[in-house]
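This briefing is meant for a reader who is meeting the structure for the first time. Please keep the sequence and the 3D view open while reading.

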Amino acid sequence: MRDVVIIGSGPAGLAAAIYAARANLQPLIIRGLEAGGQLTLTTLVENYPGFPKGVQGPELIERMQKQAVEFGAEFMEGNVTRVDLSRRPFAVEVGQERLEARTLIVASGASAKMLGLESERKLLGHGVSTCATCDGYFFRGKEVVVVGGGDTAAEEALFLTRYATQVSIIHRRDQLRASKIMQDRMFRNEKIKFIWNSVVADILDVDKGEVTGVKLRNVKTGEEMLKACDGVFLGIGHQPNTAIFRGQLEMDALGYLTTPEGTKTSVPGVFAAGDVRDRVYRQAVTAAASGCMAAIDAEKFLEAEG
């Protein structure tokens, strides 16, 4: 039996662990498949407060983890495969192991949707990015491409025009899915160009360890072409990691957990923090802040129970 079990070990889960541990709740953090969250896939993080010269994403996660351990938090390897939130204590299954929790903090995050290319995986953090807000600054005076045609891609592209000399939208159709206002903004921006009816077949150059261009394939003609660029931004959306909570916790149409009051979910004693509930900001600092909130909410919940 645990007072607090935290699912996820990104900034939200680790911040929750730090606060819960300092409250003597001895939290158990289940790392998950993507231990450390999306920060472990990035290189230099320049916008996290307290690091004037920036900090490597994996190092930031490591520091948070050490801080949580310092106050008594415990970590468990593995991925949660099933939960039962119909009664308390909640049942949490990690492989063959079954845990019981008086309160549960869900900080399982959201995963960026990927193209599924081997080159994409190898160059992630080396010219391939899933977050313009995080990495756009590194592409000052350079040419980049954005993959996608919805609002996510539009937001990425418009933000990148602050730094890049040219932003090319790669879209598999001949018209955008983005909202009208976002489309108007893109069409008015002289830095944004469009390459229609095309998909990214490959990203170059893995051997050099950096992005030098993309190989595009026209979906109508099958014709392939090379497009030189310095960066590739994936704007095809995010998928919250909430599948195991479907039917047990309220979520919106996209699968993000709904928390109308602080971090409280639809089940008393279950709290949500970070990207699993945030479809707007998706930043390390906002995730960490909501992790703090969730731990405080869990502490108050337990105190009220006596």
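What follows is a guided look at selected parts of the structure, grouped by topic.

The model is a predicted one, and the values given below were computed from it.

**Nonpolar cores**

- The largest nonpolar core is made up of 35 residues, and those with the most contacts inside it are Ile6, Tyr48, Leu60 and Ile105.
- Two or more residues are given to this core by each of strand E1 (2-7), helix H1 (11-22), helix H2 (57-70) and helix H7 (284-305).
- Leu60, already named among the residues with the most contacts inside the core, touches Leu39, Tyr48, Phe51 and Val55 when residues up to four places away in sequence are not counted.

**Packing of helices H1 and H7**

- Helices H1 and H7 pack with their axes 7 Å apart and at an angle of about 35 degrees, and the crossing in which H1 passes H7 is right-handed.
- On the H1 side the residues that meet H7 are Pro11, Ala12, Ala15, Ala16, Tyr19 and Ala20, while on the H7 side they are Ala284, Ala287, Ala288, Gly291, Cys292, Ala295 and Ile296.

- Strand E7 (residues 90-94) is mostly covered, with 4 of its 5 residues buried.
- Strand E6 (residues 80-84) runs antiparallel to E7 and is joined to E7 by 4 bridges, and within this pairing Asp84 stands opposite Ala91.
- The link between E6 and E7 is a hairpin of 5 residues, and the loop between these two strands holds Pro89, which is joined to Arg88 by a cis peptide bond with omega of about 0 degrees.
- E7 also pairs with strand E8 (residues 97-106), in the antiparallel sense and over 5 bridges, and Glu93 has Arg98 in E8 as its bridge partner.
- The hairpin formed by E7 and E8 has 2 residues between the strands, and Gly95 in the turn has a positive phi of about 65 degrees.

**The sheet E14-E15-E16**

- An open sheet is formed by 3 strands in the order E14-E15-E16, with antiparallel pairing.
- E14 and strand E16 (224-228) each have a single partner strand and stand at the edges, so one side of each is left without a neighbour in the sheet.
- Neighbouring strands of this sheet are turned against each other by 30 degrees on average, direction ignored.
- E14 and strand E15 (residues 213-218) run antiparallel and are joined by 6 bridges, one of the pairings being that of Ser198 with its bridge partner Asn218 in E15.
- The loop between E14 and E15 contains Asp205, and a cis peptide bond, with omega of about 15 degrees, joins Leu204 to Asp205.

**Two buried loop residues**

- Where is Asn197 found? Asn197 is in the loop between strand E13 (192-195) and strand E14 (198-204), and Asn197 counts as buried because its relative accessible area is 14%, which falls under 20%.
- A polar atom of the Asn197 side chain lies 3.3 Å from the backbone nitrogen of Asp174, and Asn197 touches residues that include His171, Arg172, Arg173 and Arg217.
- Thr265 has its place in the loop between strand E18 (238-240) and strand E19 (270-272), and with a relative accessible area of 12% Thr265 is buried.
- The side chain of Thr265 reaches the backbone oxygen of Val270 at 2.8 Å, and Val270 is also one of the residues that Thr265 touches, a list including Leu249, Thr258, Thr259, Phe271 and Ala272 as well.

**Positive phi outside glycine**

- Gln26, found in the loop between H1 and strand E2 (28-30), has a positive phi of about 45 degrees although it is not a glycine.
- Is Gln26 buried or exposed? Gln26 is exposed, because its relative accessible area of 53% is over 50%.
- Arg282, in the loop between E19 and H7, is a residue other than glycine that has a positive phi, with a value near 50 degrees.

How values were computed
Residues are numbered from 1 along each chain as its sequence is written. This is a predicted model: local features need pLDDT of at least 70, side-chain atom pairs count only at pLDDT 80 or more; totals for chains, interfaces and linings use all residues. Side-chain values use heavy atoms; hydrogens and water are left out. Buried means under 20% relative accessible area, exposed over 50%, partly exposed in between (1.4 Å probe, protein chains only). A polar contact is a pair of N or O atoms within 3.5 Å; within protein, one must be able to donate a hydrogen and the other to accept it, and residues adjacent in sequence count only if both atoms are side-chain atoms. Contact means heavy atoms within 4.5 Å. Two strands pair if DSSP finds at least two bridges between them. A nonpolar core is a set of buried Ala, Val, Leu, Ile, Met, Phe, Trp, Tyr and Cys residues joined through side-chain atoms within 4.5 Å. Axes are lines fitted to C-alpha atoms, for helices over the stretch in contact, and angles run from 0 to 180 degrees between N-to-C directions. A crossing is left-handed if the near helix is turned anticlockwise from the far one by less than a right angle, and right-handed if clockwise.
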